[in-house]
Each structure stands twice: as structure tokens, then as C-alpha cells.
Amino acid sequence: MPDFNKIEATLPLGAFSTFDMVTIYPVLKAMKEDDLYLEVGVDRGKSLAFATTVSKGMVCGIDIVNHLNRRWFKGKNTR
């Protein structure tokens with residue numbers, strides 16, 4: 001398992017915690033390039049940013065309010 005505290009330090013601010021990271025990490029890590037991770041109800045984008053960091057799959061999010069820092073995701077595996 002990676003050092004989730006180090007990863008968290010690189011992510012945008014948000015409510016997604018290192019405990020959440022530990023929980024979802026195995027699923028995200030197992031994704032293949034043609035798999036899709038869809039997150040509905042994105043707020044600040046921390047969990048979405050985490051998913052793009054550890055997953056090889058396509059990561060998509062449906063924002064509830066446009067708070068996402070699009071510059072953070074530029075060049076990542078998102079749409």
C-alpha cells in the first residue's frame with residue numbers, strides 16, 4: 001500500500017480522507033485502461049483527483065457545484 005498521507009498532500013482540499021483512500025484503493029488499483037470509474041456528486045474533487053492518481057482506468061465525475069480546479073486535472077485520464 002502506498003503512503004496515503006503523501007498522496008493526500010498533493011491533492012486538492014476536500015472532505016475525502018486517508019481512511020476513504022484505504023477503502024477504495026484496491027478497487028481503483030485493479031482497474032484496467034478500458035474500465036470506467038464514475039463519481040456522481042463531486043464537490044471539491046479530492047476523491048476524483050485521488051482516483052486519477054492511482055487508477056489506470058478512465059475517471060469521470062459529475063460535479064454538483066462547479067468547484068473543481070480544472071488545472072489540477074489537465075492531462076490526467078479524465079473527461
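Reader: Why is Thr-52 called buried?

Author: Its relative accessible area is 7%. Buried means under 20%, exposed over 50%, and partly exposed in between (1.4 Å probe, protein chains only). At 7%, Thr-52 is therefore buried. Thr-52 is found in helix 3. Helices are DSSP runs of H or I, at least four residues, and strands are runs of E, at least two, numbered from the N terminus. In space, Thr-52 lies 9.4 Å from Tyr-37, C-alpha to C-alpha, although 15 residues separate the two in sequence.

Reader: What kind of model is this, and how are residues numbered?

Author: This is a predicted model, in which local features need pLDDT of at least 70, side-chain atom pairs count only at pLDDT 80 or more, and totals for chains, interfaces and linings use all residues. Residues are numbered from 1 along each chain as its sequence is written, and side-chain values use heavy atoms, with hydrogens and water left out.

Reader: Where in the chain is confidence lowest, and where is it highest?

Author: Helix 4 (residues 70–73) is lowest, with a mean pLDDT of 63. Helix 2 is highest, at 97. On this scale, from 0 to 100, pLDDT gives the predictor's confidence in each residue. The chain mean is 86, and 80% of the residues reach 70 or more. Where pLDDT is low, the predicted coordinates should not be read in detail.

Reader: How many helices and strands does the chain have, and in what pattern?

Author: There are 4 helices and 2 strands. Along the sequence they follow α-α-β-α-β-α. Of the 79 residues, 35% are buried.

Reader: What makes helix 3 largely enclosed by the rest of the structure?

Author: The count of buried residues decides it: 8 of its 9 residues are buried, so the helix is largely enclosed. They are Lys-46, Ser-47, Leu-48, Ala-49, Phe-50, Ala-51, Thr-52 and Val-54.

Reader: Lys-46 carries a charged side chain. How do you know that Lys-46 counts as buried?

Author: Its relative accessibility is 8%, so Lys-46 counts as buried. Its contacts, leaving aside neighbours within four places in sequence, are Glu-8, Leu-11, Pro-12, Leu-13, Gly-14, Phe-16 and Met-21. Contact means heavy atoms within 4.5 Å.

Reader: Why are helix 2 and helix 3 called oblique to each other?

Author: Helix 2 (residues 18–30) and helix 3 (residues 46–54) pack at about 40 degrees. Axes are lines fitted to C-alpha atoms, for helices over the stretch in contact, and angles run from 0 to 180 degrees between N-to-C directions. Under 35 degrees counts as roughly parallel, over 145 as roughly antiparallel, 65 to 115 as roughly perpendicular, and the rest as oblique. The pair is therefore oblique. The two axes are 10 Å apart.

Reader: Which hand does the crossing have, and which residues make the contact?

Author: Helix 2 passes helix 3 in a right-handed crossing. A crossing is right-handed if the near helix is turned clockwise from the far one by less than a right angle, and left-handed if anticlockwise. Helix 2 brings Met-21, Ile-24, Tyr-25, Leu-28 and Lys-29 to the contact, and helix 3 brings Lys-46, Phe-50, Ala-51 and Val-54. By class, that contact has 7 nonpolar, no polar and 2 charged residues. Ala, Val, Leu, Ile, Met, Phe, Trp, Tyr, Cys and Pro count as nonpolar, Asp, Glu, Lys and Arg as charged, and the others, Gly among them, as polar.

Reader: Why is Pro-2 called partly exposed?

Author: Its relative accessible area is 27%, so Pro-2 is partly exposed. Pro-2 sits in the segment before helix 1 (4–10). Pro-2 touches Ile-7 and Tyr-25, not counting residues up to four places away in sequence.

Reader: What makes Ile-62 partly exposed?

Author: A relative accessibility of 45% puts Ile-62 in the partly exposed class. Ile-62 belongs to strand 2 (residues 58–63). Not counting residues up to four places away, Ile-62 touches Leu-38, Glu-39, Val-40, Gly-41 and Val-42. Ile-62 and Leu-38 are 24 residues apart in sequence but 7.8 Å apart in space, C-alpha to C-alpha.

Reader: Is Asp-34 buried or exposed?

Author: With a relative accessible area of 67%, Asp-34 is exposed. Asp-34 is in the loop between helix 2 and strand 1 (36–42). Its C-alpha is 8.4 Å from that of Lys-56, 22 residues away along the chain.
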